[in-house]
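This report is for a reader who is new to the structure. It goes from the cores to the sheets, then to the contact between the chains and a few single residues.

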Amino acid sequence: MGKKNTALTFFKELPQNIFAGFVVSLVALPLALGLAIASEAPPLAGIVAAVVGGVVVAVFGGSHITISGPGNGLVIVLLAAITSLGAGNLYQGYLFTLAAIILSGVLLFLFGALRLGAMSEFFPASALQGMLAAIGVGILAKQFHVMLGLTSVSGDTIEQLMRIPDSLLLFLGFHPFAGIIGVVSVLFLFFYSRIRNPYFHLIPAPMWVVVGSIGIGYYYQLVLKEVVPIAPELLIKIPEKIISTLPRPNFGKLLDLDFLGVVISITLIAVIESLLSIKAVDKLDIKKRRSNVNKDLRALGLASIISGFLGGLNVVTVIARSSVNANNGGTNRSSNFFHAIFLMLFVLFLGDQIQRIPLTALAAILVFTGYKLASPENLVRIYKIGPEQALIFIITLVTTLFTSLVTGITAGILSTFITHLFLRKSLYLFSLNLFKPNVLMYREEATGNYYVSVKNFCSFLNFYRLKMKLDQIPESEHAIVDFSLCDFVDHTVMEGLYDYQRSFDRKNGVFETIGLDIHAAQTQHPFAVRKSLPINMLMGLKNSLTNRQKNLSALAKQLSWEYLPKIDSSPKGIKGFLFFESKVVNYSVNRLVDGKQKFNVFDLSYSEGAFITKEDLKGTFLLFKSPIILPVFVLDKEDFKTALYQWAGFNDINFKKHPDFSKRFHLSGHDHAKIKSLFNSDLIYFFESHPIFHIESNGKHLLIKGNDRLSGLQEIKIMITFAKDLVSLLKNQK
Amino acid sequence: MVFNPFKKLLFGFAFSPSLRANVFEVTRLASFFKAKLIFVHVGEKTTSKETEFDALLKECPLKPKDVSVFWKKGEPVKTLASCCEEFDVDLLLLGALKRENVVKYYLGSIARKLTREAPCSVLLMLKPSIERVPCKHVVVNGFDSPQTQETVEAAFSVGCALSSEKITVVEEISESRVAVTVDDDRSLRKATLKKEKIDREEKIRVADIIKKISLAKTKGLKWETQSIFGSRGYSIGHYARIVRADLLIMNAQEKPRFYHRFFPKDLEHILAELPTDVLIIQSKNNG
């Protein structure tokens, strides 16, 4: 029964997964090319990794909506490997690195087979952030020069950083045209999320950059009948015969220490990047599934092995592309597969166009990626959690920049541990209890709740014990984690717990942490949960009301409603609306509530996508209780985007009797019969004759979304009237 | 006649600051159990010590009928262990030490060795006090072992003797019995179902044990069960601390083997960090 059903859903959802795979391939193409070029590998190495990764992980993987391919984090390690192992000869270095990639694939596979997925918990959160930032700085430092058209700037990361001002002054003298394309591209990437045109956003930003720069090339060739003013060395080169020129991995340095160091670094970064991505992407899954991390690691290992033999880079799970997948309706691994197929088709049929992409445009994408990894915002956020966390972050960042990744992360772990000793002033607590079990979990017989108690201390060193227990609790249940017997809880654990809380929230479970309040008072707990939520940074800022807030307050008085300007980091009531399933809600603010608590107007900050495709959005919403029980539905304006969705398999309910309504509105939901009976002529006339909002029902409540930005006072008034009229109309239906 | 496993109690004493509280506690216990009480002192016997101890004994408000004091010489562990055999003692009473500045209790080296070598049951007392602290909640292990029947039976008789309010039988279930590793939703569902099944089986097993105990029916003593999936010996100690149990009753260790020194078993976790008063029942079947 179950099998048949799954097969049925699979085929039903196939069109929308093909669509999602297509959109992802648009992002994946420039990234795959760019990441390969940035590692000094042939451009196709990135494509091979993405194609092999997409196919193999789709078949053998254990996650659902992740996308696999060449990863950002690996650029620095691979670059170092290719330049150092070949001793100056890049192609030789590439062949040696392929062997290292294959070996790291084997290690990755073993990691998964031995179920060591939990190992990633041994890395303290701040040190991990520091390491990622160092990778970001490394990418940025190198690619900034390439973006300006200067490919010959050499030196280590620090030297390259120092030369950025020189390059900025000089680049117009070398390749002004290509350099300007690079600069315009990077500016475009930074401002992309400010442009709020839905049609525009159908194509992801990196693809716009690629399409735009190819377009300029064609403009010169076809309209101006001139040669494109970009030097040939700044264009991508793809070999004529892809199959016959397969490189052969060189295993000649198998026992070389440098080589083994490369293997270990690649594996380390591949594991960390993949696990972090899988964890983050699980939060974007509409179907709220839990990924089988170890199975995924096995598949990624296998994919890396195959990719290495075919001349490709390592395969890891990538966050930006996965989030694009989630946002475009990907529901299972087939979208990963189709992304690979589309990539292959691009390379086979659009080879000529790809060769017109200027390297400066790709470098611009990488500069943006590097900036996002090393964004100063991260440091500020970590500093808010605690100055000692910022110190750990900086120690890791600097050590990584000056030495290597492995040394850097080791320094991060050590400094974290020393900080803990310093904060707790007791070696005894850590040394005596490190290897002892410290977690008890049981299901309370009386209530059926899961109770988890943690003893002694809980930090990155032994978080895996707590995780092992927490993973056994279904997220739809009620879990209570008690720290009252625990003397020390670190930031890594607090962040991990916050993750659990979000997973439980998504599945309508309850996840409570108790016993920390007394703690903070007793020992001035440095990693109190309140501190680990970034939302508090905003709390202090809202002292005086802005004009809009004053107006809202006045409106509340006029309606004799209540106005609450406070920021709420966990807004209630918006669970269960499809709109938020693949989005992350940050906070709500400026709440207007009527006396009976029936109507609720609020501004909401939420984000869509992750990493380089992340967009922070704000909107004004109206939530109100329906007087009757409704079927679950979503009503939206019919436009190009919804038409595309329809083509991709998202169904639109149309009414033969009401062609105007059917044409202008996109109505979807599972229970067609109930929805059709709800939307009678009166209701349809009501919608036709009023402004069009995005409206959702979750059964008991209705949610109205205003514009794609915060609504003005006038618009809020219209929304409220609209909702009131709708309520009275629905009442009559009873 | 109520079943009483403890007819002869033995307390090895030394002149320490806690002697007074210890003697008060011990005499009170013996009178609750209606048992004989034997005091043994290992070391020099002096008249001043003797008079001091006699005076102390007289102060005790509750005293069993039959109290005797012996003064022995020799190595403490061996002497006390042989006394237990010599007098055919049912229960050996030992005081625990409190770790400096920390609210954690552990056993001194003598007590620790005695716990392992004693031929009878052992009670480790955490906080002996002059005033009586009622023993409200008793936690007893209920895992699948031939000794458990006797241990649970003893728990009920102790519970009655000390007029406790509640007994919780804790079944510690090794996670290896579930045999499903949680990786994703499907394996989680499978593991949860399997656990529920094991849980039901364990409940039936424990209920069967309790059915055989006549005390459980007659007295108004409440009892309940709690299954815990986790490492044996560790979980029950942690649990006893959380529910603030006043007494934890455990099976005695099966014959210690050489490798247990390296892989601590059952009791070791509890002895390393005593959660509350611990009573270790030496079963007649064991040995």
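Which residues touch the most other members of the largest nonpolar core?

## Basis of the model

The model is predicted, and local features need pLDDT of at least 70, side-chain atom pairs count only at pLDDT 80 or more, while totals for chains, interfaces and linings use all residues. Residues are numbered from 1 along each chain as its sequence is written, and chains are lettered from A and ligands numbered from 1 in the order in which they are written.

## Nonpolar cores

The residues in question are A:Ala32, B:Leu9, B:Leu92 and B:Ile249, in a core of 230 residues. A nonpolar core is a set of buried Ala, Val, Leu, Ile, Met, Phe, Trp, Tyr and Cys residues joined through C-beta atoms within 7 Å. A residue is buried if 20 or more other C-beta atoms lie within 10 Å of its own, exposed if 12 or fewer, and partly exposed in between, with C-beta atoms placed from the backbone.

Contact is defined by C-beta atoms, placed from the backbone, that lie within 7 Å. Apart from neighbours within four places in sequence, B:Leu92 is in contact with B:Leu10, B:Cys84, B:Leu114, B:Ala118, B:Cys120 and B:Val122. A second, separate core has 28 residues, including A:Leu552, A:Ile574, A:Leu635 and A:Ile716.

## The eight-stranded sheet of chain A

Helices (H or I, at least four residues) and strands (E, at least two) are DSSP runs, numbered from the N terminus. Two strands pair if DSSP finds at least two bridges between them. In chain A, eight strands form an open sheet with antiparallel pairing, in the order S7-S8-S9-S10-S14-S13-S11-S12. Its edge strands, S7 (562–564) and S12 (665–668) of chain A, each pair on one side only. On average, neighbouring strands of this sheet are turned by 25 degrees against each other, direction ignored; axes are lines fitted to C-alpha atoms, for helices over the stretch in contact, and angles run from 0 to 180 degrees between N-to-C directions.

S9(A) and S10(A) run antiparallel and are joined by ten bridges, with A:Leu604 opposite A:Gly619 in S10(A). These two strands form a hairpin with six residues between them, and A:Gly609 in the turn has a positive phi of about 75 degrees. S10(A) also pairs with S14(A) in the antiparallel sense, over five bridges; there A:Phe621 stands opposite A:Lys705. Helix H31 (residues 713–733) of chain A lies across S9 (599–608), S10 (615–625) and S14 (701–705) of chain A, at about 35 degrees to S10(A). Elsewhere in the sheet, S11 (residues 633–637) of chain A pairs with S12(A) over four antiparallel bridges, and A:Val634 has A:Ser668 in S12(A) as its bridge partner.

## Chain B

Chain B contains nine helices and twelve strands. Of its 287 residues, 40% count as buried. Among contacts in chain B between residues at least 6 apart in sequence, 81% join residues at least 24 apart.

Strands S2 (residues 36–42) and S3 (residues 67–72) of chain B pair in the parallel sense over six bridges. One of the bridge pairs is B:His41 with B:Trp71 in S3(B). Together with helix H2 (residues 47–59) of chain B, S2(B) and S3(B) make a right-handed β-α-β unit; right-handed means that, with the strands pointing away from the viewer, the path from the first strand over the helix to the second runs clockwise.

## Where the chains touch

How many residues does each chain give to the contact? Chain A gives 19 residues and chain B gives 21 residues. On the side of chain A, helix H12 (293–309), strand S3 (439–443) and strand S4 (450–458) give two or more residues. S3(A) has the largest share, three residues.

By class, this side of chain A has six nonpolar, six polar and seven charged residues. Ala, Val, Leu, Ile, Met, Phe, Trp, Tyr, Cys and Pro count as nonpolar, Asp, Glu, Lys and Arg as charged, and the others, Gly among them, as polar.

Most residues other than glycine have a negative phi. A:Asn590, in strand S8 (residues 583–593) of chain A, has a positive phi near 55 degrees. A:Asn590 is buried because 23 other C-beta atoms lie within 10 Å.

The phi of B:Asp88 is also positive, near 55 degrees. B:Asp88 is in the loop between helix H3 (76–86) and strand S4 (91–95) of chain B, and is exposed, with 11 other C-beta atoms within 10 Å.

How values were computed. Contact = placed C-beta atoms within 7 Å.
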